[in-house]
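This report describes a protein structure for a reader who is new to it.

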Amino acid sequence: MRSFGCRLLLHSKSFVRAYSSTSSADFASSAKSLNLFSAINQALHIALETDPRAYVFGEDVSFGGVFRCTTGLADQFGKNRVFNTPLCEQGIVGFGIGLAAMGNRAIAEIQFADYIYPAFDQIVNEAAKFRYRSGNQFNCGGLTIRAPYGAVGHGGHYHSQSPEAFFCHVPGIKVVIPRSPRQAKGLLLSCIRDPNPIVFFEPKWLYRLSVEEVPEDDYMLPLSKAEVIREGNDITLVGWGAQLSIMEQACVDAEKDGISCELIDLRTLIPWDKETVEASVRKTGRLLISHEAPVTGGFGAEISASIVERCFLRLEAPVTRICGLDTPFPLVFEPFYMPTKNKILDAIKSTVNY
């Protein structure tokens, strides 16, 4: 059995500097500078405060969790609404399905996305099919499953995986990944209030050092709507989560060489915003996709196939994917595994000059 001490080690380490965009729509409310985990905490606080049917549960959430996202919630809302569960991911999600099926807002935390696999059957065979198998007579649409995912700088093969593609294959659930604190709060509140079960992956790399002005009020951001966070004419770049910071750096460097990059944050992977990506590729004629997950079977392959089908006659170069390697996530060799700025920059130049 894995030890909690192994998990806690990740929380005690420092995080590298991360990117947080300020390109979201303006909000009328007052804003406060928050990092990503604080923005998530604020979203959970609002969800519990505005809906008495909302519950937060998972391993160690009552004292704040490994990444402190649930700090203070149990003290304010009580142990009946914010509570610890046994170390059993299958049980956490199974309980969440039942709670949501009774008309509640079940917010389940999986401590690391790497450990979501024991709950895989509950998610893809139960939560995703609950509405369909009853002909819409009953559902578990109030279920949101939160999980930290992706590289953390020192996590290795059991604390750094990006498993989003597994869930994108399953009709009946949504998959959402934010890139920054403002996005995390608005998207999480949308997920909790959405009438469908959702897997919400939080980029742990950004928990502490991705900081931006976040509106203090209750607000939601649209699901299944990508955002163009940088406009350009020569090539379209598509990514999600922490990878947006790396791609932004590559875009800045490419601009020094006269290459104009359009950068799109997909935000929701399923159902994803094909129209926004297609419109961009029809303008630029080129597409580069980057994600931390292994290249084979990664969600970038689905984007590539869809855009080739829709934009074949407009493409001026093959679609490029800069992704993780087809190996277990390494520890000391992480810099070789990760899709870095230089890898993306080289691919941008190669694609534009094809």
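On a 1 Å grid over the protein atoms alone, a cavity is a set of points where a 1.4 Å probe fits but cannot get out, whereas a pocket is an open set with protein on both sides within 12 Å along at least five of seven lines; lining residues have an atom within 4 Å of a point. Grid points are joined across faces, edges and corners, and a volume is the space filled by probe spheres set on the points. The model is predicted, so local features need pLDDT of at least 70 and side-chain atom pairs count only at pLDDT 80 or more, while totals for chains, interfaces and linings use all residues. Residues are numbered from 1 along each chain as its sequence is written, and side-chain values use heavy atoms, with hydrogens and water left out.

**Overall form**

The chain has 13 helices and 14 strands; helices (H or I, at least four residues) and strands (E, at least two) are DSSP runs, numbered from the N terminus. Its C-alpha atoms fill a box of roughly 60 × 45 × 45 Å along the principal axes. The radius of gyration of the chain is 20 Å, which agrees with the value near 20 Å for a compact globule of 354 residues; the radius is taken over C-alpha atoms, and the globule rule is 2.2 Å times the number of residues to the power 0.38. Of the 354 residues, 59% are buried, where buried means under 20% relative accessible area (1.4 Å probe, protein chains only). Among contacts (heavy atoms within 4.5 Å) between residues at least 6 apart in sequence, 84% join residues at least 24 apart.

**Cavities and pockets**

The whole structure holds 2 cavities of 30 Å³ or more. In the table, Ala, Val, Leu, Ile, Met, Phe, Trp, Tyr, Cys and Pro count as nonpolar, Asp, Glu, Lys and Arg as charged, and the others, Gly among them, as polar.

| Space | Volume | Lining by class |
|---|---|---|
| Largest cavity | about 50 Å³ | 5 nonpolar, 3 polar, 4 charged |
| Second largest cavity | about 30 Å³ | 4 nonpolar, 3 polar, 2 charged |
| Largest pocket | about 260 Å³ | 9 nonpolar, 7 polar, 1 charged |
| Second largest pocket | about 210 Å³ | 7 nonpolar, 3 polar, 3 charged |

The lining of the largest cavity includes Gly64, Phe67, Arg68, Glu109 and Tyr207. Around the second largest cavity, the lining residues include Tyr149, Ser162, Trp240 and His291, and strand S13 (residues 287-294) contributes the largest share, 3 residues.

The largest pocket is lined by 17 residues, and Tyr117, Gln161, Ser162, Phe166 and Pro294 lie nearest its centre. Helix H7 (164-168) and S13 each supply at least two residues of this lining, with H7 giving the most, 3 residues.

Helix H9 (243-256) and helix H12 (334-337) each provide at least two, and the largest share, 3 residues, comes from H9.

**Cysteines**

The structure has 0 disulfides, a disulfide being a pair of cysteine sulfur atoms within 2.5 Å. The sulfur of Cys168 is too far for a bond, because the closest cysteine sulfur, in Cys191, is 13 Å away. Cys323 is likewise in no disulfide, and its nearest cysteine sulfur, that of Cys168, is 13 Å away. Cys168 is buried, with a relative accessible area of 12%, and Cys323 is buried at 8%.

Conventions: Buried means under 20% relative accessible area, exposed over 50%, partly exposed in between (1.4 Å probe, protein chains only).
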